[in-house]
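Here is a short briefing for a first look. Take it with the sequence and the model side by side.

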Amino acid sequence: MKKLLLLGDEAIAQAALDAGLSGMYAYPGTPSTEIMEFIQNSKDAAGRNVHRQWSSNEKTAMEAALGMSYAGKRAMVAMKHVGLNVAADSFINSAMTGVNGGLIVVSADDPSMHSSQNEQDSRFYGKFSLVPCFEPSNQQEAYDMVFDAFEVSEKYKLPVLLRITTRLAHSRANIHQKAHIPEKILSLPADPLQFVLLPAIARKKYKSLLSSYESLRYENRISKYNNFKDGNRRALGIIACGIAYNYLLENIEETINDFPVLKISAYPFPSDLIKDITGRCEEILILEEGAPLLEESVRGILDDGIKIYGRLDGTVPRDGELNPAIVAKAIGLPVSYGKDVPSIVKMRPPSFCNGCGHSDMFNSLNEAVKPYGQGHVFSDIGCYTLAALPPYNSINSCVDMGASVTMAIGAADAGLFPSIAVIGDSTFTHSGMTGLLDAVDKNSSVTIIISDNSTTGMTGGQKSKATGRLEQICEGIGVLREHIRVIVPLRKNHAANALIMKAEFEYKGVSVIIALRECIQTATKRKRSETSVE
Amino acid sequence: MKNDIIISGVGGQGILSIAASIGLAAVANDLFLKQAEVHGMSQRGGDVQSHLRLSDKKISSDLIPYGEANLIISVEPMESLRYLPWLSADGWLVTNSNPFINIPDYPAIDEILKEIKKVKNHIIIDADGIAKNSGSSRSGNMVILGAASPFIDMPFQSLENAVRELFSRKGEEVVQANLKALKAGRERSIALKV
């Protein structure tokens with residue numbers, strides 16, 4: 001078949017299309033964004049009209065994908081790891097309902113937090129919800145797994161978790177493409193009550209979920225990704241999960257015959273293979289990208305069996321992503337090193353682009369809030385979070401999507417005045433609107449600044465559902481018309497904007513200031529594409 | 001054959017186009033390739049890097065081990081120094097001489113150049129100036145790729161084909177400007193190397 005050069009994200013998207021995908025659902029989030037983008041740019045997807053619009057958030061994406069599965073078709077939903085927290089309610093319960101058409105949930109973890117607020121390991125969600133979890137070690141395996149994941153999903157009537165990490169998602173590699181599978185036809189579940197989780201039904205379904213988890217261990221489409229290879233020497237056996245296997249191979253390519261190696265890329269754990277390798281080796285090293293999920297299980301609380309090295313005893317750092325050097329050290333191999341970075345090299349943190357409306361908005365905000373002192377501004381997830389850094393030093397929180405609005409409410413409840421939230425337009429429609437309803441409902445004294453750049457900027461400029469709708473949404477939620485102020489954050493409006501902000505801080509009720517100016521990145525892109533059309 | 005290359009710069013300077021060109025050429029030469037990129041937050045004016053690995057054999061790790069890169073290609077001089085822990089003792093450092101200053105404590109350029117000159121094998125070129133002379137001030141990244149091309153084990157023509165392919169949808173004028181920049185960078189580099 002055809003040979004391709006694809007990012008891990010793109011390989012997953014291509015595989016889903018080749019495996020007869022009918023619907024892709026997602027909210028942008030690094031490092032998962034390129035899965036949906038690839039499908040949106042695909043001629044194949046356009047030709048068959050595969051669903052490929054962004055969802056408002058990960059929960060709506062997950063539920064819509066479940067709906068497509070209900071109708072018998074293959075669906076995929078993709079998100080970053082923290083997005084799975086947003087979708088957790090529907091995800092966990094989709095294990096209870098089960099699926100009809102194959103359903104794959106891709107969760108892209110970001111160990112070392114390159115572009116995230118934590119480094120949670122999504123494999124825990126697989127174990128927690130009792131669904132199969134695939135963890136590819138390379139891009140080709142990610143491609144191949146999508147086909148098996150759909151098959152497993154349909155055979156066991158379960159959603160399947162596909163857990164990837166930043167390095168796999170954002171690294172390009174050669175891919176061998178497989179033959180195309182046609183889409184499934186519309187067909188409703190055989191049992192009309194399959195998706196009805198009334199307690200009496202849910203109790204029965206939970207029992208069958210528990211027993212199916214055990215039978216998954218013997219499923220060939222799962223177990224074929226877990227391989228044990230014996231070695232000449234039995235001193236150290238190595239268990240490597242997912243992408244950790246690549247770093248292991250990088251180090252022992254020539255000496256691989258010396259080590260018994262168990263590669264794990266699919267869960268539930270292959271208990272028999274783990275017993276096998278621990279039974280024949282004197283000591284065991286466990287390599288996992290993320291949390292020591294497997295290591296904790298193998299050690300148990302007593303940890304009185306075979307000597308185990310891993311993240312829990314400090315052989316591998318407890319946090320952060322792996323690399324070839326960390327793995328070399330863990331095996332006891334020498335580590336090469338170039339020269340130290342000269343001390344004159346300075347940090348270069350990300351910053352606002354030239355011509356960014358957020359930066360003018362924060363300049364006005366800093367002036368308006370100055371008389372009240374520090375500590376009044378709650379913020380959110382997006383480019384504007386960069387205002388936490390000098391020279392702005394404008395914001396005091398960044399927790400999760402939408403938390404600016406609701407934390408401002410809670411702080412106002414405690415007596416903080418003024419209590420201000422700064423949230424982006426896309427983040428607002430993702431998870432800010434319900435918080436605003438809380439504020440309106442009890443007439444909190446809060447000022448919500450929606451920094452509206454009319455796009456989802458941080459992830460590269462995806463469509464924002466807020467565009468052109470913000471005033472209507474806020475009015476519909478119940479904010480008084482005269483306290484919905486629209487400003488244009490430009491340097492020439494600086495003084496006037498600061499005055500408007502100050503006036504709204506002083507208002508003892510809910511006010512919304514929409515700071516509207518198109519993202520300079522998307523504006524430039526748009527102008528370029530407009531000229532090239534001419 | 002095995003080339004481990006680190007491409008560095010500041011978000012928005014076009015390092016992904018350099019990586020994509022090498023990637024296309026690698027495919028044409030039937031080589032294995034792995035290329036790890038930085039997406040997301042750092043692209044907003046922060047330091048960005050790409051690990052690019054080419055080989056005639058299968059490649060395991062997406063990341064280059066420390067001390068094993070054959071080549072650092074940098075579109076910004078201070079950024080070239082950030083990746084010295086990866087550069088092998090015999091590796092080459094090819095960098096633009098023009099600083100991109102978007103931080104308040106950017107060091108004196110003379111200090112930076114002094115550090116670069118401590119690297120045994122280095123090429124420092126005025127990519128911005130050469131790009132301007134080639135008729136496209138925006139193709140400094142292609143000048144740098146050209147300057148690095150003598151150290152990449154692929155025929156130069158395959159890089160030219162890759163650049164043509166990469167920019168083809170932007171029209172023939174853009175293609176020609178980038179090819180000119182690529183060639184000019186290569187010539188300058190070969191002159192400096194000797």
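A residue counts as buried if 20 or more other C-beta atoms lie within 10 Å of its own, as exposed if 12 or fewer do, and as partly exposed in between, with C-beta atoms placed from the backbone. This is a predicted model, in which local features need pLDDT of at least 70, side-chain atom pairs count only at pLDDT 80 or more, and totals for chains, interfaces and linings use all residues. Residues are numbered from 1 along each chain as its sequence is written, while chains are lettered from A and ligands numbered from 1 in the order in which they are written.

**Helix H15 of chain A**
- Helices (H or I, at least four residues) and strands (E, at least two) are DSSP runs, numbered from the N terminus.
- Helix H15(A) spans residues 324-331, and its buried residues are A:Pro324, A:Ala325, A:Val327, A:Ala328 and A:Ala330.
- Those buried residues pack against helix H12 (244-252), strand E12 (283-287) and strand E13 (307-309) of chain A. Contact here requires C-beta atoms, placed from the backbone, within 7 Å.

- Eight strands form an open sheet with mixed pairing, in the order E1(A)-E7(A)-E2(B)-E3(B)-E1(B)-E4(B)-E5(B)-E6(B). Strands pair if DSSP finds at least two bridges between them.
- Strand E1 (3-7) of chain A and strand E6 (121-125) of chain B are the edges; each has a single partner strand, so one side of each has no neighbour in the sheet.
- From one strand to the next, the twist averages 20°.
- Strand E7 (residues 171-176) of chain A runs antiparallel to E2(B), joined by 3 bridges. A:Arg172 has B:Gln35 as its bridge partner in E2(B).
- Within chain B, strands E1 (residues 2-10) and E4 (residues 69-74) pair in the parallel sense over 4 bridges. B:Ile6 stands opposite B:Ile72 in E4(B).

**Helices on the sheet**
- Helix H3 (residues 109-117) of chain B lies across strands E5 (87-96) and E6 of chain B, at about 145° to E6(B). Angles run from 0 to 180 degrees between N-to-C directions, with axes fitted to C-alpha atoms, for helices over the stretch in contact.
- Helix H5 (residues 140-148) of chain B touches E4, E5 and E6 of chain B, and its direction makes about 145° with that of E5(B).

**Where the chains meet**
- Chain B gives 42 residues to the contact and chain A gives 39.
- On the chain B side, helix H1 (15-28), strand E2 (32-36), helix H2 (77-81), E5 and H3 each give two or more residues.
- E2(B) gives the largest share of that side, 5 residues.

Key
Two residues are in contact if their C-beta atoms, placed from the backbone, lie within 7 Å.
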